[in-house]
Structure formats: structure tokens, C-alpha cells
Amino acid sequence: MPKTRRRTELTTEPPGSVQQPHPLTPLAGAHSPRRLSRLGRSGAGAFGSALLLAGTLAVLAAQPSHAAPAPVTPTTSTSPGTVTGGSGASLPYSEVQAEDADTNGTRSGPSYQQGQLADEASYRKAVTLQGSGQYVTFTTPVDTNSIDVRYSIPDTSDGSAYTAPLSLSIDGAAQDDLSLTNAYSWFYGSYPFTNTPGSNPHHFFDETHRLLPKTYPKGTTFKLEVPSSGAAPSYTIDFADFEQVAAAQSQPSGSVSVTDRGADPSGKNDSTAAFNAAISAAGSGGTVWVPQGTFKVPGHIAVNDVTVAGAGMWYSTVTGAAPGFYGNAAPNPSAGVHLKDFAISGDVQERDDTAQVNGIGGAMSNSSVNDVWIEHEKVGAWMDGPMDGLTFSGLRIRDTTADGINFHGGVTRSKVTGSDIRNTGDDGIATWADSGIGADANDTVSDNTVQLQMLANGIAIYGGHDNTVSGNLVRDTGITQGGGIHVGQRFTSTPIGTTTISDNTIVRSGSLDPNWNFGVGALWFDGSQGAITGQVDVSDTLIQQSPYEAVQWVEGTISGVSLKDVTIAGTGTFALQEQTGGAASFTNVTATGAGGPAPVYNCEGGNFKVTDGGGNSGIDQAPYCGAMPDPVYPSASSH
């Protein structure tokens with residue numbers, strides 16, 4: 001029976017105030033297309049809220065009239081550096097794309113058209129099964145005792161949620177059906193979005209995963225097939241992940257088990273009181289044990305100077321309407337909090353920025369969150385500073401309505417590393433140096449795999465200083481109104497100081513902004529709320545298969561960007577899109593396969609000054625200044 005979607009909102013904490021959007025004033029003397037306003041952010045409550053996307057978006061038509069600046073011409077014999085980019089997180093699973101598997105379904109894509117299922121799929125390709133007997137068969141490339149499937153089923157006419165079976169067989173042996181749902185997908189309209197079917201449908205996909213009772217060897221076939229009854233109108237399959245999950249961990253010596261304090265591992269009864277009792281019994285610096293099982297915790301668990309450890313993210317699950325582990329509110333943050341080896345699975349079915357429905361929240365100094373799987377929350381981790389010395393590592397954050405991780409104001413000497421973040425409803429990883437709180441500084445975002453952000457960016461740096469983004473793989477991100485990696489003087493952030501962006505790979509990232517009527521860059525810089533004069537050093541970066549431009553400067557004055565050892569391979573329009581005043585230096589920048597009439601777009605003339613560091617190639621033609629061309633999409637190869 002269909003169940004009605006509901007708003008998930010806790011009543012234990014008062015909602016915070018929401019900052020109202022305000023239109024930005026167009027810059028004087030603008031001769032190239034620019035935005036009037038962009039997405040807005042808000043903070044809410046002591047524990048924080050998710051990103052607020054709002055604002056009046058407007059279209060500025062291209063009125064190019066400036067004389068083009070002189071082209072960038074190599075002046076030295078400097079040899080280009082070997083650009084390796086970043087490989088992202090070391091992931092324990094192997095992924096098989098549905099379009100590469102055996103199927104009698106319909107392959108679709110590649111697509112870069114918003115509103116199409118394939119546009120939101122990895123590699124922008126998918127397979128749709130429609131009708132009893134249609135199937136896709138994956139052959140696992142590794143030994144595995146688990147499967148995770150990314151899928152989409154159609155929405156209902158009124159937006160109500162339902163479940164549908166999908167048959168699973170392994171080497172021909174029937175297994176229990178997978179149960180799929182539309183409950184966590186299909187959003188419509190503009191911020192704050194709605195579940196009621198209408199215009200601008202997006203956020204189509206969800207995932208389901210299962211731990212199997214035994215290990216199957218490499219070469220085993222896993223067949224997903226439309227059943228003869230109870231089926232959804234269609235099933236779109238993106239990929240399947242296969243992983244050899246290690247055995248469950250044992251209870252640490254001296255720890256306090258939540259089941260000893262009355263927690264129900266069946267997930268039927270509320271275990272909140274038992275968790276709180278175990279934390280109290282563990283005492284300062286103690287460890288709370290979450291054994292194998294599913295534990296119902298509808299709301300927040302407060303943590304300070306305690307370790308909460310599970311048997312593993314496949315074994316110990318905290319579930320409920322909006323379960324979360326929260327530190328104390330700044331300016332008196334919790335400290336010594338360590339969360340590890342369990343999963344948090346919420347039931348947040350729509351985005352409500354007045355609700356505190358995040359997996360991890362509050363403020364935690366000198367703390368860590370390791371090997372935690374978070375899904376179906378508003379934000380995976382929304383951290384309201386000031387706080388210092390917080391580390392996230394080995395996380396899997398999936399299928400959120402807003403950000404994956406957000407460092408919101410005054411978060412210092414903290415890091416996100418080795419994590420896998422996909423299908424978020426907003427930025428995958430963001431540092432937001434809210435000037436009302438303080439600068440995010442000396443933070444590191446490193447060696448993460450960030451992909452399939454339905455809105456905004458894979459990784460975003462909003463203000464702050466001495467922050468580093470390195471070693472990341474950012475893929476198929478910014479599917480609506482966003483890009484891959486972004487640095488912006490926006491959202492009332494503190495000034496951008498030294499920022500290092502190194503050793504990253506950005507693939508198929510960026511999209512057409514329907515309000516701008518031009519694309520968002522795979523790597524882009526925006527000075528809409530103040531001049532960017534701090535040094536932004538970009539090095540050893542691969543930018544591949546960009547649907548629109550690869551690198552973009554837009555709004556305000558941006559004069560601190562340096563590109564060194566950057567390889568741009570395949571763009572729908574331009575390698576470099578210089579749409580605002582400022583300056584940049586280019587050294588060993590190589591561009592091939594630009595789909596526009598020239599590799600560089602520039603109507604700014606001398607207002608955008610380029611320093612040639614030598615070794616550049618493919619950007620030495622006269623820049624183009626004119627109406628934005630239709631993109632010539634590059635091939636979506638399997639990178």
C-alpha cells in the first residue's frame with residue numbers, strides 16, 4: 001500500500017531563523033553574461049541546518065562589445081609537467097555499470113539534458129527495464145558477499161511513496177526480491193523543493209544494499225529482473241557495487257553495550273533511552289558498543305568525550321525518522337568524541353531547512369568520525385563552529401536531500417579524507433566560512449571520491465583561508481546549477497585567503513544554468529560578494545569531458561588565481577571562460593578538444609589580465625567573444 005510522504009521534523013530543538021534571500025546588484029559595465037543572484041545559505045539552531053538554496057535568479061543576455069585581449073602565447077621553453085590528477089578514495093568495492101552489463105533492457109545516454117534519467121546517472125548512462133522478464137545481469141569482477149544497486153523507479157501522480165519488488169538471482173538461483181522505493185527521490189520545483197509532482201523534476205536515484213550469507217567468487221552472475229507481478233512501471237538501473245565485507249568486529253574490552261541497557265536490536269522499539277544510559281554508564285572517555293542489529297533512534301543522541309563503536313557499517317545500524325549524533329553547541333563544543341563502524345539510516349523524505357535532521361551535527365573538537373555510512377538524512381554531517389581538530393575519514397554518505405558534509409563557520413585544522421560521497425541534494429563537501437561565526441581555516445579535503453551531486457558542487461570553498469583541496473576524484477557533479485570544484489566569495493563568507501587546489505581529477509562536471517543561459521565550469525571561481533585577491537593555487541589537475549566550460553571566472557573581481565600543470569581534455573564549449581574582471585596566471589596549461597568556436601571565451605578585454613608562465617598549449621588562439629554557443633558534448637568514456 002502506498003504510504004504518504006511526510007515532513008520529518010524534530011521537536012526537541014527549536015528551529016532557527018532562516019536568512020531570506022536577496023537579489024544581488026548587477027555589476028556596472030557588465031558586457032558578458034553574468035548572474036544577478038545565486039543560491040543562498042542559511043544557518044539554523046545551535047546544531048545547524050542544511051544549505052538553504054534560494055534567491056531570485058535572472059538571465060542576462062550576452063551583449064559582447066569589448067575588444068578581445070591578446071591571446072596567451074608561450075614565451076619560454078618550459079616543458080609541461082606530468083599531470084596525474086587525483087584518484088580519490090581507496091574504495092573497498094568494485095563497480096559495474098549497467099550499460100556495460102548483459103541486458104535486454106533499453107540503454108540510454110550519455111545525456112547532459114536536465115530532467116532525463118541518464119543525466120543523473122554515473123557516466124551519464126543507464127539501463128531501463130520495462131515489462132516482465134526484462135533484466136540486467138552483472139558479472140562480478142571480484143569475490144563478493146554483498147551487493148549495492150543504484151536505481152530509479154517512477155514517481156506517483158500525487159507524490160506518495162510506494163515500494164516495488166525487483167527479482168534477484170545469483171548464478172541462476174533465486175534470492176529474496178530487492179525492495180525498491182520512490183520515497184527518497186523525485187523532487188520538484190525550486191528551493192525549498194517539494195514532493196508534489198510538477199516542473200523541474202530532479203534527484204531521481206536511490207540505492208539499496210544487501211549483505212549476502214556467503215561469499216561468491218569472481219565471475220558470479222547477479223541478475224536483476226522485472227517480476228511478473230507487483231512491479232513498478234519501469235526500473236532504471238545505474239550500476240551495482242560488489243564488496244567483500246569483512247567479518248563483524250567484536251565488542252571492545254571495557255565497553256558498555258547498548259543492549260545491556262535495554263536497546264532492541266530488532267529495530268522495533270525505541271532505543272534512545274538505552275543509548276543515553278550506555279553513554280552515561282561509560283563515563284568520561286569511555287566506549288559505548290553498538291552490536292550487530294538495527295536500533296531505532298528517532299532523533300538525536302548527545303555525545304561528549306565518548307567513543308561510540310559498532311560492529312561495522314554493514315552490521316550495526318541506527319535508524320529512525322532522523323537519527324543523529326550531535327556534539328554540544330559552540331562556543332562550548334564537545335571534545336574527544338569518536339564515532340566509528342556503524343551506519344545511520346534516516347527517513348528524511350523532503351528538504352526542510354528549519355528541521356535538525358542531519359546524521360552528525362553540533363560542534364566537536366579533537367574528535368573523529370571514521371567508517372560510518374550515512375543515508376537518507378538531510379545532511380550527512382553539518383558542523384556548526386567554532387571547533388578545532390575534527391576528522392572525517394572512510395565515510396559513505398549517500399542520498400541526502402542537502403549537503404554531504406558542511407563545515408559551517410570557524411571550523412579549523414579539520415579534515416575530510418578517504419570518503420565516498422554521492423547523490424547528495426547539494427554540495428558534496430563544503431567549507432562555509434560564515435562571517436557571523438568565523439573563518440574556516442587550515443582545513444583539508446583530501447583523497448575523497450565525490451560524485452552525482454544533484455545541485456551545487458562536488459567540493460566548495462566559500463571564504464576562509466589556508467584551506468587545501470587535494471587528491472580528490474570529482475565525477476558527474478553539479479548536475480543542476482553547479483560544477484565540480486568551486487571557490488567563491490559568497491554567502492556572507494569571510495575573505496578568501498590562500499587556498500590550495502592540487503592533484504585533483506574532475507570529470508563530466510558542470511551543467512547549464514537555466515537562469516544564466518550558459519554553463520557552470522568544472523572548476524569555477526565567483527567573486528559576487530567581494531573581490532577575490534587571496535592566492536588560489538591550482539596545480540596538477542585533470543579536467544576531463546566537461547559538458548560546458550572547464551574553468552570559469554564569473555562575477556566580481558577575481559585576481560588571485562594561478563593555474564599550473566593543468567590538463568583540460570574535452571569540453572562542450574570552452575577550456576577557459578573568463579567572464580569578469582581580474583587577473584590569472586597560466587603555466588603548463590594544456591587544452592584539447594574544446595567544442596566552442598575557440599578554446600577561450602573573453603569579452604573583458606584588458607579587464608582580465610593574463611600572466612603567461614610558459615609551457616601552455618591549446619589556449620593560444622584569439623579568444624571568442626559572442627553569443628554562447630551550443631555545446632558539443634565530449635564523449636562520456638569510462639574514467
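Strands are taken here as DSSP runs of at least two residues, numbered from the N terminus. In this predicted model, Asp155 is placed in the loop that connects β6 (144-152) with β7 (163-170). The residue is buried, its relative accessible area being 17%. Two polar contacts of the Asp155 side chain were identified: one with the side chain of Asn182 at 2.8 Å, and one with the side chain of Tyr188 at 2.7 Å.

Charged pairs were examined next. Side chains of opposite charge can pair when their charged atoms come close. In total, 16 salt bridges were counted. Arg475 and Glu95 form a salt bridge in which the closest N and O atoms lie 3.8 Å apart. Because Arg475 belongs to strand β39 (residues 473-475) and Glu95 to strand β1 (residues 93-97), this pair ties together parts that are 380 residues apart in sequence. Arg475 is buried, with a relative accessible area of 8%, whereas Glu95 is partly exposed at 24%.

A salt bridge also joins Asp420 to Arg398, with a distance of 2.8 Å between the closest N and O atoms. Asp420 lies in strand β33 (residues 420-422) and Arg398 in strand β29 (residues 396-398), so the pair links parts 22 residues apart in sequence. Asp420 is buried at 2% relative accessibility, and Arg398 is likewise buried, at 1%. Through shared partners, salt bridges connect Glu95, Asp148, Glu207, Asp241, Arg398, Asp420, Arg422 and Arg475 into one network.

A further salt bridge is formed by the side chains of Lys223 and Glu225, at 3.7 Å from N to O. Lys223 is partly exposed, with a relative accessible area of 26%, and Glu225 is partly exposed, also with a value of 26%.

Definitions and conventions:
Residues are numbered from 1 along each chain as its sequence is written. This is a predicted model: local features need pLDDT of at least 70, side-chain atom pairs count only at pLDDT 80 or more; totals for chains, interfaces and linings use all residues. Side-chain values use heavy atoms; hydrogens and water are left out. Helices (H or I, at least four residues) and strands (E, at least two) are DSSP runs, numbered from the N terminus. Buried means under 20% relative accessible area, exposed over 50%, partly exposed in between (1.4 Å probe, protein chains only). A polar contact is a pair of N or O atoms within 3.5 Å; within protein, one must be able to donate a hydrogen and the other to accept it, and residues adjacent in sequence count only if both atoms are side-chain atoms. A salt bridge is a side-chain nitrogen of Lys or Arg within 4 Å of a carboxyl oxygen of Asp or Glu.
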